[in-house]
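Trainee: I would like to learn how to read a protein model step by step. Could you take me through the ideas one at a time, and then show me each of them in the example?

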Amino acid sequence: MTSQLEFDAAVSRHLESLYVSAIPATRRQKALAALDLRPGEHVLDVGTGPGYLAGEMALQLGSAGQIVGIDKSPDMLSRAKRRCAGLPQVSFQEADVTKIPSAPEAFDAAAAIQVYEFVEDMEAALRELHRVLRPGGRAIIVDIDLGSLVWEAGDRARAARVFHAWDEHRADPYLPRRLGPLLRQAGFDLLSVDTYALVALTAEPFVAGMAKFAAGFVAGRRGVTAEDAAAWLDDLAAMDAGNRYFFSVTMFLFLTRRRPG
């Protein structure tokens, strides 16, 4: 990819405001249900972001548990630390997912929600995940395939150009298609793969916020002008005003386990 998203202060602030809404909250709930945490476990939150998931995991694990959240964005980590300041079982470290500063076999479980699609070297990232999980330790990995994106617009050709430019913000916009083989190669057993669709029939806060986010990113990329991006937003607003709004994208939940022995 020629250019990816930088999680600087502005991006971190915008994402934090969106993560409290219903769609990301549901995504976290589904991931936690699949991971099935047990009181007292030690858990790694890969790419913790603003710390919503870490805080929710702490409630499940209780005071005897331990959550370590890692992220390479100092701005995200500062927000996560503030959010979880009253939870002594939660700690955070600045780290890349390919170089996790933890001892081998330190964790019973791990969660990575829309993190690995931003990682260039997935082989190295999964080797590190394998290293820090105990034998039999499990992980939930959630990513989207942008090929499943449906975002209706009056001008579909222009929308397609916007989506093509939006591909640049991820290292692999289609990661779920190859994640199974990558996990097996790294020493994991694949326990299950579930899907669910995020669907919005109105410009609800999360989807509307992501549209503005995308429009700001795509301007000047792959032939999309700032005028194109603004016109796409106007098109979406018209779809919403005319009760014709439709957004859908498929989430893929991979529940995996480090092979015992």
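Mentor: Let us start with a term for how covered a residue is: buried means under 20% relative accessible area, exposed means over 50%, and partly exposed lies in between, with a 1.4 Å probe and only protein chains counted. With a relative accessible area of 35%, Arg222 is therefore partly exposed. Before we go on, note that this is a predicted model, in which local features need pLDDT of at least 70 and side-chain atom pairs count only at pLDDT 80 or more, while totals for chains, interfaces and linings use all residues. Residues are numbered from 1 along each chain as its sequence is written, and side-chain values use heavy atoms, with hydrogens and water left out.

Trainee: What share of the contacts joins residues 24 or more positions apart?

Mentor: A contact means heavy atoms within 4.5 Å. Among the contacts with a separation of 6 or more, 80% are between residues 24 or more positions apart.

Trainee: How should I read the pairing of strands, and which strands are joined to β2?

Mentor: Two strands pair if DSSP finds at least two bridges between them. β1 and β2 run parallel and are joined by five bridges, with Val68 in β2 as the bridge partner of Leu44. β2 is also joined by five bridges to strand β3 (residues 90-94), again in parallel; there Ile70 stands opposite Gln93, and Asp71 has Glu94 as its bridge partner. Five of the six residues of β2 (residues 66-71) are buried, so this strand is largely enclosed by the rest of the structure.

Trainee: Which helices belong to the β-α-β units here, and how is the hand of such a unit decided?

Mentor: A crossover is right-handed if, with the strands pointing away from the viewer, the path from the first strand over the helix to the second runs clockwise. β1, α3 and β2 make a right-handed unit of this kind, and so do β2, helix α4 (residues 74-83) and β3.

Trainee: How much of helix α3 is buried, and what follows the helix?

Mentor: Helix α3 (residues 52-61) is mostly covered, with seven of its ten residues buried, among them Tyr52, Leu53, Met57 and Leu61. After α3 comes Gly62, whose phi is positive, near 80°.

Trainee: Against which elements do the buried residues of α5 pack?

Mentor: An α-helix has 3.6 residues a turn, so residues three or four places apart point the same way. In helix α5 (residues 122-132), the buried residues include Met122, Ala125, Leu129 and Val132. The buried residues of α5 pack against β1 (42-46), β4 (107-113), β5 (133-144), α7 (176-185) and β7 (188-200).

Trainee: Could we finish with two serines? Is Ser248 buried or exposed, and what lies 2.8 Å from the side chain of Ser78?

Mentor: Ser248, in strand β8 (residues 247-258), counts as buried because its relative accessibility is 12%. Leaving out residues up to four places away in sequence, Ser248 touches Ser148, Leu149, Val150, Ala197, Leu198 and Val199. Ser78 has its place in helix α4 and is partly exposed, with a relative accessible area of 29%. The backbone oxygen of Asp75 lies 2.8 Å from a polar atom of the Ser78 side chain.

Conventions. Helix = DSSP H or I, 4+ residues; strand = E, 2+ residues; numbered from the N terminus. Polar contact = N/O pair within 3.5 Å; in protein donor to acceptor, adjacent residues only side chain to side chain.
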